[in-house]
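Hi everyone, thanks for making time for this. Let's bring the structure up on the screen and walk through a few spots together.

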Amino acid sequence: MKALVYSPEAVAKAFLDLVDYETPQDTEYSCLIKVLGCGVCGSDLLKLERALVKPDTVLGHEMVGEVFEINEALSKKYNLKKGDRIVSSHHVPCGKCNYCLNDKESLCSQFKSTNFNPGAFCEYLELSEDHLKHTVIKLNKETSNLSASFTEPVACCIKAIKKSGLLSHKGSANVLILGLGSIGLIIGRLINYYRKHKYLLHSSVSELHTQQNCDKKLEINLYGCDPIETKRKLAEESGFDKVFNDIAFISDPERPDYIFLSAGANICIDLAISYIRDGGTIIVFSSVPDNAKAFTNNEIYYKELSIISSYSPNLSDLKESYQLISENKIRVSDLISHTANLSNLGETIMKARKENGLKVYLDLGDRAVIRPPQP
Ligand SMILES: [Zn+2]
Ligand SMILES: [Zn+2]
C-alpha cells in the first residue's frame, strides 16, 4: 500500500514522503480498516517539525475508516461487518490504573503505548481488539467522513472545558480563547453550545441534550483573540461575543476569569498571567517551542491563579463528541481550509501554512479501491 512517512529530508513537503509500505493484515485479535480520511492535527505537525518521531513513522490519528477485513468471531462480538464506517481514537486506556480511575486516562501507561498499526496517513491500518472493545464508534449514514474525523479533536476540547471548571462557575464569567485556529474555534463553539443549553454539571450526556432538570444558567461572555482577521471573522460567526487582534485591547471589565491557550507562541503564558483576573484559571492546551524562562511564582501565588492543562480525551469525551457532531449540535466541516490526497498532503500543509489556513484534511474517501495483497 501507499503510506506517508516522516522523512527528515522532505523539507519542502512538510517532512512527509510517499512510499510503498507493507500492508498490515488482520489477525485473530484485530481487524483491517480502509482509511477513508484523516484530519491533520497540530500535534502531527509538531512531531514532524521538531523530529519527535523516528524516520519512517506513519502519523495521523484523527481517522475515519471502513471495516475492510474482520473475522467472524470479532464481527459477531462487536457487531461490525465489512463496509461499516467507524472512527476510533488511537490510544486505549486500561481503565484500571490510578490515572484511569481518576479521569486522567491520557496519562495511563497503556494509553501511551497503544496505537493504530501504523498511523492513518496511509491506505490501510490494523485495529486491535482493545480498540474494537473500547474506542470504536460506528458511524450513522448521515455523518460525513469529514465531520466524523473531528470526533477526536472535539473530544479533546470537551475534556479541556470540563477540566477548567467553567461549567460549574457561579455567577458570570469572562472567557478568553487565545488563538483562533481550528482548536480555538471548536472550544468557542462548544462553550457557546453549553451556555445556550443551561448545562448542568454532572448531568449525563443524554440529560445535557434533552435539557431536562437543568436549572443552572451559565452567564458567560465569550471572547477570542487572534492577529489574523479571517480567523476573527469566523469566531464572530461562531457565536463569540467579541474578538480582539491583540490582548492589550481588552478593557478592565472584560478581563478574563478563564483563558484557554490554544496558540503555540512562547509569550502566551506570560500574557495570560498578566491579563487574567485574580482567582482565574489558565488552561494550557498547546505546546510551545521552548519552555518559558521564568516561572512567575509570586503572580500565581498572590492572584490565587489556577494553571491547569488538558491533553488528549477520555473515552466518555469521545462519545459525547460524536453525539454532538452526528446530531449537528456543533458545526465542524467549515474548519477545513485545505483538502489533500496521499500524493500531495505535504505540499498542501505547506500551502495551508502560507495562506494562514485552518485545518488540512486528508481525503481518501473517493479513491479507487486498492486491495491489499493477500498473505
Ligand atoms: Zn489530534
Ligand atoms: Zn490506565
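Let's begin with Ile307, which sits in strand β13, residues 306-309. Keep in mind that this is a predicted model. Is Ile307 buried or partly exposed? With a relative accessible area of 35%, Ile307 is partly exposed. Setting aside neighbours within four places in sequence, Ile307 is in contact with Ile269, Ile273, Ile282, Val284 and Ile300. Ile186 is another matter: 121 residues apart along the chain, the C-alpha atoms of Ile307 and Ile186 are separated by 21 Å.

Now to the metals, starting with the zinc ion, ligand 2. Which residues coordinate that zinc ion (ligand 2)? They are Cys94, Cys97, Cys100 and Cys108, each through SG, at 2.3 to 2.4 Å. Their spacing in sequence reads C-x2-C-x2-C-x7-C. Because the four donor atoms subtend angles of 105 to 114 degrees, the arrangement around this zinc ion is tetrahedral. Cys100 is buried, at 9% relative accessibility, whereas Cys94 is partly exposed at 26%.

On to the other zinc ion, ligand 1. Here the protein donors are Cys41 (SG), His61 (NE2), Glu62 (OE) and Glu152 (OE), lying 2.3 to 2.7 Å from the metal. Cys41 is in the loop between β3 (30-39) and α1 (42-49), and Glu62 is in strand β4 (residues 62-69), so this pair ties together parts that are 21 residues apart in sequence. Both are buried: Cys41 has a relative accessible area of 15%, and Glu62 has 2%. Why is the arrangement around the zinc ion (ligand 1) irregular? Because its four donor atoms subtend angles of 86 to 169 degrees.

Happy to chat about any of it!

Technical notes. Residues are numbered from 1 along each chain as its sequence is written. Chains are lettered from A and ligands numbered from 1 in the order in which they are written. This is a predicted model: local features need pLDDT of at least 70, side-chain atom pairs count only at pLDDT 80 or more; totals for chains, interfaces and linings use all residues. Side-chain values use heavy atoms; hydrogens and water are left out. Donors are N, O and S atoms within 2.8 Å of the metal (3.2 Å for Na, K and Ca); water is not among the atoms, so sites may look incomplete. Four donors count as tetrahedral if all angles lie between 85 and 135 degrees; four count as square planar and six as octahedral if opposite donors are over 155 degrees apart and all others between 65 and 115; anything else is irregular. Buried means under 20% relative accessible area, exposed over 50%, partly exposed in between (1.4 Å probe, protein chains only). Helices (H or I, at least four residues) and strands (E, at least two) are DSSP runs, numbered from the N terminus. Contact means heavy atoms within 4.5 Å.
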